[in-house]
Amino acid sequence: MFFPRLRRQAKWMFVFLVLVFGLGFVVFGVGSGGGLGLGDILQNSGSSSGGPSVKDARKKIAKGDLAAYQQLAEAYRAENEPDKAIAAGEQYVQARPKDYDFMRSLASDYEARATKLRDDAALVQEKLTGQTGGTTFAIPGNTPLGRALGTGRIDQELTTAANKKLTEDYTGLQAAYTRATQLYQNAAAAKPDDVLLQQLLAQDAYQAQLFPIAKKASKRVIKLAPGSAEATQARQLLAQIKLQEQAGNAPSG
């Protein structure tokens, strides 16, 4: 199977697989019995589709109206151009660094990018398993000849390519969650009593492996709304971080 080969060639990649496909169950409240899921959050924080066209927004920007980068980002979202929407959004937050509502929308764009990278990684694994079938191109490893020869050449090439793509996906996913965390931090600093902001900050910081930030935001959620579903999820997140700290897999700061 794919995982034994992956373990031999890139043991650290299991950290990626656990993060992407396991820890999300805690972060997004799967099985928690309630609360606001990430899909709901993304839908609620999305911008209106009635904005101007890309052409109109660019005309305004050409005339020196830097605030039109917000309109440009919205136009690209409407045209399903997420990377361009993010680029325009970054220009806008530079021009308007105190528009915290837009920062939340931009953070959602980064979350969507991370979700796509997660899905891409899943497809890479599925495709590799289908191509190799575990031992399709290799003599069974539990036989004397198999142990002598090791992994077949075609298996090795496919697995190496898969590891490279997974590494790229992991790097991009970490960068997306890290930037989303920064944006939520800025917004939460301006609105420290916003429970949803603190929850979003905790979730994305956890996915970015910024555990001290995730812990602080989770504790803030519990303090602001101790009996809420959000607080329940925050406690679950804190418990998961504690387990990782005890196992030596997370910074304890």
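## Basis of the values

The model is predicted, so local features need a pLDDT of at least 70 and side-chain atom pairs count only at pLDDT 80 or more, whereas totals for chains, interfaces and linings use all residues. Residues are numbered from 1 along each chain as its sequence is written, and side-chain values use heavy atoms, with hydrogens and water left out.

## The pairing of helix 5 and helix 6

Helix 5 (residues 54–62) packs against helix 6 (residues 68–78) at an angle of about 160°, and their axes lie 8 Å apart. Helices here are DSSP runs of H or I with at least four residues, numbered from the N terminus; axes are lines fitted to C-alpha atoms over the stretch in contact, and angles run from 0 to 180 degrees between N-to-C directions. Helix 5 and helix 6 are therefore roughly antiparallel to each other, a label given to angles over 145 degrees. Their crossing is left-handed, meaning that the near helix is turned anticlockwise from the far one by less than a right angle.

On the helix 5 side, the contact (heavy atoms within 4.5 Å) is made by Val-54, Ala-57, Arg-58, Lys-60 and Ile-61, which meet Ala-68, Tyr-69, Gln-71, Leu-72, Ala-75 and Tyr-76 of helix 6. The residues of this contact divide into 8 nonpolar, 1 polar and 2 charged, where Ala, Val, Leu, Ile, Met, Phe, Trp, Tyr, Cys and Pro count as nonpolar, Asp, Glu, Lys and Arg as charged, and the others, Gly among them, as polar.

Side chains of opposite charge can pair when their charged atoms come close. The structure holds 10 salt bridges, each defined as a side-chain nitrogen of Lys or Arg within 4 Å of a carboxyl oxygen of Asp or Glu. One of them joins the side chains of Asp-83 and Arg-113, at 3.1 Å from N to O; the pair links distant parts of the chain, with Asp-83 in helix 7 and Arg-113 in helix 8 (residues 100–132), 30 residues apart. Arg-113 has 29% relative accessibility and so counts as partly exposed, the class between buried (under 20% relative accessible area) and exposed (over 50%), with a 1.4 Å probe and protein chains only.

Another salt bridge is formed by Arg-179 with Glu-90, whose closest N and O atoms are 2.8 Å apart. Arg-179 lies in helix 10 (residues 153–190) and Glu-90 in helix 7, so this pair ties together parts that are 89 residues apart in sequence. Glu-90 is buried, with a relative accessible area of 16%. Arg-104 and Asp-194 also meet through their side chains in a salt bridge of 3.1 Å, N to O; Arg-104 is in helix 8 and Asp-194 in the loop between helix 10 and helix 11, 90 residues apart. Arg-104 is buried, at a relative accessible area of 17%.

## Two loop residues with positive phi

Most residues other than glycine have a negative phi. Asn-80, although not a glycine, has a positive phi of about 60°; Asn-80 sits in the loop between helix 6 and helix 7 (82–95) and is exposed, with a relative accessible area of 63%.

Gln-209, again not a glycine, has a positive phi of about 65° and lies in the loop between helix 11 and helix 12 (211–224). At 24% relative accessibility, Gln-209 is partly exposed.

## Leu-196 in helix 11

Leu-196 belongs to helix 11 (residues 195–207) and is partly exposed at 27% relative accessibility. The C-alpha atom of Leu-196 is separated by 8.1 Å from that of Val-221, 25 residues apart along the chain.

How values were computed:
Parallel < 35°, antiparallel > 145°, perpendicular 65-115°, else oblique.
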